[in-house]
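I opened this model to look up its pockets.

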Amino acid sequence: MPQHSKLTSQIAILGAGDVGATIAYSLIMNPVAGEILLVDPKEEVRDAQVQDLSDATFHGDTSTRVRSGTHKEAGQCDIVVIAAGAKQKKGESRTDLIGRNKSILESAIGDMKPFRQDTILVLVANPVDVLTYFAQQYSGLPKAQVIGSGTFLDSARLRGILASKAEVAAGSIDAYVLGEHGETQFVAWSLASIGGVPLLQALPPGVKLDKEAVAEETRNKASIIIENKGATNYGIGGVAASICKSILTDQRNVRPVSHYQKGLDVCLSIPAVLGRRGIVRTVDVPLSDEEKGLLGKSAKALRDVIDA
Ligand SMILES: NC(=O)C1=CN([C@@H]2O[C@H](COP(=O)(O)OP(=O)(O)OC[C@H]3O[C@@H](n4cnc5c(N)ncnc54)[C@H](O)[C@@H]3O)[C@@H](O)[C@H]2O)C=CC1
Ligand SMILES: CC(=O)C(=O)O
């Protein structure tokens with residue numbers, strides 16, 4: 001991104017809590033939009049976040065401005081990031097939030113309508129896969145324009161864990177967590193590689209990998225952070241800002257994000273190409289038979305939550 005060209009896109013963030021504010025901060029530090037609108041019915045909190053975030057726009061590299069906005073204005077933005085809703089308390093699962101967050105989503109989408117034709121919705125609130133599915137129904141936007149952050153965050157966690165074991169930079173590891181952003185997620189070990197070499201062959205001599213333990217550490221990372229600090233916000237801040245950049249600059253990055261799967265009739269994460277129209281296409285990844293079974297289990301678990 002040229003540093004002094006004028007950025008004109010607008011990103012609205014619904015929910016000015018821990019996650020919404022951190023996404024805004026990430027977008028200020030890595031500017032891709034001219035304006036960020038924070039939208040939240042708690043007006044004092046929203047305005048205080050805007051004032052605090054504005055203090056971070058002093059540095060020379062950003063031309064991004066932050067202001068308070070309304071739901072109606074959000075519906076006319078290039079991207080709406082939906083971080084509105086309840087978060088897990090200690091011991092709660094993401095799916096425990098469905099009742100509260102589905103109602104918030106329905107009313108927020110009603111308040112934003114009518115959407116600009118090319119608006120992209122990026123769901124972050126949990127349970128993110130199920131809310132992505134309902135956002136597609138409520139918004140009436142083309143399904144490719146309604147995306148969830150999905151297992152992009154879990155995949156970043158996995159790469160971090162593998163990076164320390166393999167002693168290479170996380171960015172040089174190609175490994176995905178797929179399926180649900182939740183309990184039924186799984187690591188697609190058959191696709192994992194370092195520098196194009198299958199992961200297990202690319203480990204330093206003498207290093208052994210306990211796949212079960214790594215998958216469990218990845219899956220449990222959020223609940224351990226929540227238990228100790230009450231929320232996760234930095235990881236998702238970076239992930240959501242990266243998704244916004246891929247969309248606005250039509251980057252065509254391949255990311256494991258939640259999107260509609262026709263054959264399964266749910267939204268879940270499989271690597272997809274991201275561009276200005278949202279999901280450009282799903283990458284047809286050659287999963288092993290065992291992994292195909294795990295993907296089916298994830299889809300079934302998500303369908304059960306939708307039907308309930
Ligand atoms: N997908 C992911 O990987 C992650 C998802 N999350 C999820 O993000 C969500 C937000 O988490 P936090 O920011 O920590 O919660 P928070 O409680 O700090 O903030 C949520 C905000 O949403 C606002 N809100 C409620 N109804 C709204 C509406 N109709 N329009 C606009 N705003 C509205 C609330 O007033 C509140 O300020 C939770 O559901 C959490 O589980 C959190 C981290 C990672
Ligand atoms: C809260 C949540 O979904 C996460 O940090 O993964």
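**Pocket notes**

I began with the second largest pocket, which holds about 330 Å³ of space. I took a pocket as an open set of points on a 1 Å grid over the protein atoms alone, where a 1.4 Å probe fits, with protein on both sides within 12 Å along at least five of seven lines; lining residues have an atom within 4 Å of a point. Volume is the space filled by probe spheres set on the points, joined across faces, edges and corners.

This is a predicted model: local features need pLDDT of at least 70, side-chain atom pairs count only at pLDDT 80 or more, and totals for chains, interfaces and linings use all residues. Residues are numbered from 1 along each chain as its sequence is written, chains are lettered from A and ligands numbered from 1 in the order written, and side-chain values use heavy atoms, without hydrogens and water.

Which residues lie nearest the centre of the second largest pocket? I found Val 187, Trp 189, Glu 212, Glu 290 and Leu 294, out of 14 lining residues. α8 gives the largest share of this lining, 4 residues. Helices (H or I, at least four residues) and strands (E, at least two) are DSSP runs, numbered from the N terminus.

Next I checked the largest pocket, at about 780 Å³. Its lining has 39 residues, and Ala 83, Ala 84, Gly 85, Ala 86 and Lys 87 lie nearest the centre. α4 supplies the largest share, 4 residues.

Last, I looked at β7, which is joined to β10 (residues 193-194) by 2 bridges and runs antiparallel to β10. Asp 174 has Ser 193 as its bridge partner in β10. Two strands pair if DSSP finds at least two bridges between them.
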